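Here are a few notes to read alongside the model.

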Amino acid sequence: MSCTELGFDDYGNLRVNKSADSEETFVFPTSYDFTGYTGQFQIRATEGAASALLSVTTTATANGSIIIFDDSTITLRLKKADLTTLPNNATNADGPYEAVYQFVVTDTDSLTSELVAGALIAEKGVVR
């Protein structure tokens, strides 16, 4: 069984289906070595929101969402059980919920870099 690839567009916006597990693997040239790196992926209602709606790190959430560093690749796995905790659209219950996200990585020298960021569009999906 496989997961759905996350839907990043050319602008870094991310479309997810709340009714399915999703993942994306970022592949870098083999000269990159992510040994010892950490990462953090957060979804917030707005950039200024005080708390995250979902936070994923290299330690799996209770539902299994996780960031995995392996040689020259970084994999972000988002589990359905975590995605379904995102709110529904306040004005249209069947419409997509829109928020913002950011994915940062921190190297062994504690230098943090943004991998990707943008708007998040969370669709309910048909299967719930």
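1. Leaving aside neighbours within four places in sequence, T61 is in contact (heavy atoms within 4.5 Å) with S55, V56 and D82. T61 sits in the loop between β6 (54–57) and β7 (66–70); helices (H or I, at least four residues) and strands (E, at least two) are DSSP runs, numbered from the N terminus. T61 counts as buried because its relative accessibility is 19%, where buried means under 20% relative accessible area, exposed over 50% and partly exposed in between (1.4 Å probe, protein chains only).

2. Please keep in mind that this is a predicted model, in which local features need pLDDT of at least 70, side-chain atom pairs count only at pLDDT 80 or more, and totals for chains, interfaces and linings use all residues. Residues are numbered from 1 along each chain as its sequence is written, and side-chain values use heavy atoms, with hydrogens and water left out.

3. Now the sheet: an open one of 6 strands, with mixed pairing and the order β2-β3-β10-β9-β5-β6. β2 (7–8) and β6 are at the edges with a single partner strand each, so one side of each lacks a neighbour in the sheet. Strands pair if DSSP finds at least two bridges between them; β5 (residues 38–44) and β6 do so in the antiparallel sense over 4 bridges. Q40 has T57 as its bridge partner in β6.

4. How many salt bridges does a search of the whole structure find? There are 4, each a side-chain nitrogen of Lys or Arg within 4 Å of a carboxyl oxygen of Asp or Glu. One of them joins E123 and R15 (2.5 Å, N to O), linking strand β10 (residues 112–123) to strand β3 (residues 14–17), 108 residues apart.
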